[in-house]
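Keep the viewer open as you read.

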Amino acid sequence: MKRALYTVIVFTRLNTRRFFRDRLAQFFAILFPLIFLFVFGSLSSGDSGNVSFHVALLDQSKTAFASKFTEQIKTSKTFKIDTSVTNLTTAQDKMSKSQIDGIIVLPSDFGVVKPGQAYPSGQAQILYNQSSSGTGQTLTSVLQGTFKQLNTQFVKTQPPFSVVGKQLNKKSLTSFDYTFSGLLGFSIIGLGVFGPVNVFPELKKQGILRRLHTTPLRVWQYFMATMFSQAATGAISIAIQFAVAIKLFHLKVDGNYLEIAIFTMLSIFMILGIGLAIGGWARNERQAAPLSNIIVFPMLFLSGTFFPRFLMPHWLQTITAYLPLTPVIDGLRLLTTEGKNLLQIGPQLGLIAIWFVVIYAIAFRVFKWE
Amino acid sequence: MTDAILKVKDLRKVYDDKAAVDGISFEVKKGEIFGILGPNGAGKTTTLEMIETMREIDGGTIILDGLNVAERPNAVKRIIGVQPQSPAFQDKTKLIEIIELFAAAYGEKVNAQSFLDEVDLGEKANSYAEQLSGGQRQRLSIATALVHRPKVFFMDEPTTGLDPQARRNLWDLTREVRDRGVTVLLTTHYMDEAEVLCDRVAIMDKGKIIALDTPKNLIKQLLKRGFKKEQQVEQANLEDVFIDMTGKGLHES
């Protein structure tokens with residue numbers, strides 16, 4: 001047994017060394033997931049809590065009040081004024097392309113002090129498209145609130161009813177939290193499935209696996225060495241992603257890093273089984289490539305890699321809960337950002353264990369050395 | 001024959017109702033270089049692969065060093081070394097690591113450098129396998145097949161595609177392996193190779209062995225049957241010219 005494990009250790013060591021010499025493998029294991037992290041991270045970090053509207057502001061009034069009001073709106077956090085728009089035609093054109101959410105028009109009589117009145121008055125208009133009526137209505141009521149504050153400066157009244165917003169000290173998940181665990185799942189798939197699926201057919205074509213088969217090397221030794229070396233490269237890749245997410249996208253890790261590492265290793269072992277099964281079964285690339293795409297792509301979309309599963313219809317959520325990648329992504333999110341520990345994610349660990357047994361049972365059965 | 005290390009009896013292999021190997025029997029003596037000759041498709045490689053435990057045996061028995069190959073493939077693997085037709089190694093792996101890897105496949109730790117020195121690749125220990133020439137790859141492959149001190153060494157058409165210098169070098173290496181007491185079983189379709197290298201040869205055709213003897217005896221028997229070759233006046237051939245002009249040494253960087 002000791003000799004058999006020595007075999008595994010040497011094979012693991014050489015596999016890992018090979019990775020550090022192979023630029024292409026490094027690109028796919030480390031840089032490729034990082035590119036996705038940058039893209040999806042930038043997309044989802046913009047909407048972290050604060051609502052804002054992109055609007056065009058058309059000031060047709062010449063009054064001092066109107067210019068003062070314009071300045072005030074420009075400094076507001078709620079409104080992002082597109083200053084490049086100066087007339088209604090370009091504003092409508094931009095709105096039809098959804099580049100802005102709405103148009104605020106201050107008509108020519110806005111802010112004029114009417115005869116017999118002590119203070120300025122006027123009516124602003126908000127223009128929005130049919131397709132974004134929700135945004136338009138929200139925009140209207142936000143602006144109404146702004147006016148209400150203004151009004152009390154001119155007319156002192158005490159409204160009988162009012163509402164005040166109060167922030168609870170409870171954190172909810174940001175969309176980046178979902179994105180990040182999904183991207184970790186994506187890189188685990190990349191490592192675990194596409195790694196062996198690309199390498200094994202080539203090794204078979206060159207007769208390298210066949211040559212190894214003339215030695216007493218056993219399938220389990222070969223699998224185990226691949227598992228350990230993939231876990232090592234996976235650990236590096238995922239650690240880098242955590243570092244980038246914390247530094248650049250303000251990821252707050254609530255969980256224990258050791259538990260996250262253990263869970264990540266178990267996930268890589270299980271998902272790698274899919275790659276070993278496909279790569280081990282296929283005689284050549286022509287068999288390996290289509291099969292891996294058929295299995296991997298639906299899983300990527302249905303397990304919550306690129307968008308969270310709670311957006312799916314209920315029946316689809318029920319089915320996709322049992323896919324191998326789903327407990328990986330859910331578990332990573334629960335551990336990383338929801339502050340759970342390994343004991344609390346029993347269902348995820350259980351599902352990973354069941355898939356582990358099923359997948360490796362298949363992988364051992366279908367493995368071919370040539 | 002009591003000193004036979006390999007005994008093959010009525011060996012059969014059938015592909016789609018066609019017998020690729022059709023009930024052949026032969027024995028290989030300990031410490032000899034035994035060649036299996038024949039045209040492509042004669043069943044040479046299939047025979048070799050069945051002895052190497054790589055193909056299922058459809059009929060007959062193979063006893064290798066007292067082990068029944070069909071029953072104890074793993075024990076057989078520990079006493080054989082295999083040189084494939086076109087050896088290949090994984091990229092980005094140093095020669096010294098490749099030797100370590102193959103030794104580890106047998107659960108053994110060896111002095112990898114000495115194995116590389118034996119096949120004149122000592123200086124290349126830290127090169128990657130993909131930087132080797134065809135002949136060097138063949139030599140590396142021989143080194144990997146000897147890491148566990150096998151009793152029988154199999155070579156499947158070892159010199160196909162090599163230049164004359166590399167071929168001669170490989171013949172020398174094969175003799176060295178034999179001189180260490182390792183029995184060598186090789187297939188080839190080069191008759192000159194069989195003539196200079198093999199102690200005995202079996203000629204196969206259509207799955208059967210049609211002749212088995214030393215090269216010298218086979219030639220003698222042919223001459224006895226009244227065979228006459230067109231008289232050759234030249235005392236040398238084109239290969240002799242080639243070797244004379246380009247030297248016997250290996251041409252490689």
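Start in chain A, where the axes of helix 9 (residues 257–281) and helix 12 (residues 325–336) come within 10 Å and cross at roughly 175°. Helices here are DSSP runs of H or I with at least four residues, strands are E runs of at least two, and both are numbered from the N terminus. The axes are lines fitted to C-alpha atoms, for helices over the stretch in contact, with angles running from 0 to 180 degrees between N-to-C directions. That crossing makes helix 9 of chain A roughly antiparallel to helix 12 of chain A, a label used for angles over 145 degrees.

Who does the touching? On helix 9 of chain A you'll find A:Glu259, A:Ile260, A:Phe263, A:Ser267 and A:Ile271, and on helix 12 of chain A they meet A:Val328, A:Gly331, A:Leu332, A:Leu335 and A:Thr336. Contact means that the C-beta atoms of two residues, placed from the backbone, lie within 7 Å. By class, the residues where helix 9 of chain A meets helix 12 of chain A are 6 nonpolar, 3 polar and 1 charged. Nonpolar covers Ala, Val, Leu, Ile, Met, Phe, Trp, Tyr, Cys and Pro; charged covers Asp, Glu, Lys and Arg; the others, Gly among them, are polar.

A note on what you're looking at: this is a predicted model, with local features needing pLDDT of at least 70 and side-chain atom pairs counting only at pLDDT 80 or more, while totals for chains, interfaces and linings use all residues. Residues are numbered from 1 along each chain as its sequence is written, and chains are lettered from A and ligands numbered from 1 in the order in which they are written.

Zooming out, chain A has 13 helices and 4 strands. Its radius of gyration is 29 Å, well over the 21 Å that the globule rule gives for 370 residues, so chain A is more spread out than a compact globule. The radius is taken over C-alpha atoms, and the rule is 2.2 Å times the number of residues to the power 0.38. The C-alpha trace of chain A spans about 105 × 45 × 40 Å along its principal axes.

Chain B comes to 9 helices and 10 strands.

Finally, the two chains meet through 21 residues from chain B and 20 residues from chain A. Helix 3 of chain B gives the most to its side, with 6 residues.

Conventions
Parallel < 35°, antiparallel > 145°, perpendicular 65-115°, else oblique.
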